[in-house]
Amino acid sequence: MSGAPDTAAEGASPRRRPSWDEYFLQLARQAATRSTCLRRQVGAVLVRDKRLLAAGYNGAPRGTAHCLDIGCLREQVAIPSGERQELCRAIHAEQNAIIQAALHGVAIEGAKLYTTLHPCILCAKMLINCGVSEIHYLEGYPDELSRAMLAEAGVTMCKEELPSADR
């Protein structure tokens, strides 16, 4: 990813404008700041034709207690990352983005997902069935089945890095 410098007025210093991929990854990172998970803050945005369709972050379902307030069930029973995802109060960021699109009648087939973390297998299956065509992510996740299934379904995966000033 590389942002193209803006053309500056004569004598002014140029500023760097983020690429579209950087911009949407920054939005995903911002969405992650709303997370109520104690282990990992994840954000995701769904985009089509350079337009934001929906955003999500990981946290407890609406109307239920947040892990920030009552503690982490997974930590209490010592469940390692990447295992037994059903034993968690939170809904994943990707799932919340899909739910937000559905609640507001926004079609996401053919969309790209920008996320701070590679999707787990549960999210991967949902994204495949929603018709998401491309996934840009910042950090890996220990889930080989997710990687294999996304590849089998033909979803383009792009591991990204943001410029150091944006980290």
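This is a predicted model: local features need pLDDT of at least 70, side-chain atom pairs count only at pLDDT 80 or more; totals for chains, interfaces and linings use all residues.
Residues are numbered from 1 along each chain as its sequence is written, and side-chain values use heavy atoms, with hydrogens and water left out.

**Around Pro 163**

- Pro 163 counts as partly exposed, at 23% relative accessibility; the scale here calls a residue buried under 20% relative accessible area, exposed over 50%, and partly exposed in between (1.4 Å probe, protein chains only).
- Which residues does Pro 163 touch, not counting those up to four places away in sequence? They are Arg 16 and Glu 22, where contact means heavy atoms within 4.5 Å.
- Pro 163 and Ala 31 are 132 residues apart in sequence, and their C-alpha atoms lie 18 Å apart in space.

**The overall build**

- The protein chain has six helices and five strands; these are DSSP runs numbered from the N terminus, with helices (H or I) of at least four residues and strands (E) of at least two.
- Read from the N terminus, the order of elements is α-β-β-α-α-α-β-α-β-α-β.
- The radius of gyration is 17 Å, close to the 15 Å that the globule rule gives for 167 residues, so the chain is as compact as a globular protein of that length. That radius is taken over C-alpha atoms, and the globule rule is 2.2 Å times the number of residues to the power 0.38.
- Along the principal axes, the C-alpha atoms fill a box of roughly 60 × 35 × 30 Å.
- Of the 167 residues, 40% count as buried.
- Take the contacts between residues at least 6 apart in sequence: 53% of them join residues at least 24 apart.
- The accessible surface comes to about 9,400 Å², and 51% of it belongs to carbon and sulfur atoms. Areas come from the Shrake-Rupley method with a 1.4 Å probe, and for residues only the protein chains shown count as cover.

**Ala 31 and helix H1**

- Ala 31 is part of helix H1 (residues 20-32), and at 12% relative accessibility Ala 31 counts as buried.
- Beyond its neighbours within four places in sequence, Ala 31 is in contact with Gly 43, Ala 44, Gly 56 and Tyr 57.
- Val 42 is eleven residues from Ala 31 along the chain, with 7.6 Å between their C-alpha atoms.

**Helix H4 and what it packs on**

- Which residues are buried in helix H4 (residues 93-103)? They are Ala 93, Glu 94, Gln 95, Asn 96, Ala 97, Ile 98 and Ala 101.
- Those buried residues pack against strand S1 (43-48), strand S2 (51-57), S3 and helix H5 (121-130).
- After H4 comes Gly 105, with a positive phi near 70 degrees.

**The loop between S1 and S2**

- Asp 49 is found in this loop, and its phi is near 55 degrees, a positive value in a residue other than glycine.
- Asp 49 is exposed, with a relative accessible area of 64%.
- Lys 50 belongs to the loop too, and the phi of Lys 50 is positive as well, near 60 degrees.
- Lys 50 counts as partly exposed, at 46% relative accessibility.

**Charges and salt bridges**

- The structure holds five salt bridges, each one a side-chain nitrogen of Lys or Arg within 4 Å of a carboxyl oxygen of Asp or Glu.
- One of them joins Arg 84 and Glu 86, at 2.6 Å from N to O. Arg 84 is partly exposed at 48%, while Glu 86 is exposed at 51%.
- Another pairs Glu 134 with Lys 112, their closest N and O atoms being 3.6 Å apart. This pair links distant parts of the chain, with Glu 134 in strand S4 (residues 134-139) and Lys 112 in strand S3 (residues 112-117), 22 residues apart. Glu 134 counts as buried at 18% relative accessibility, whereas Lys 112 is partly exposed at 29%.
- Arg 147 and Glu 144 also meet in a salt bridge, 3.3 Å from N to O. They are three residues apart in helix H6 (residues 144-152), so about one helical turn separates them.
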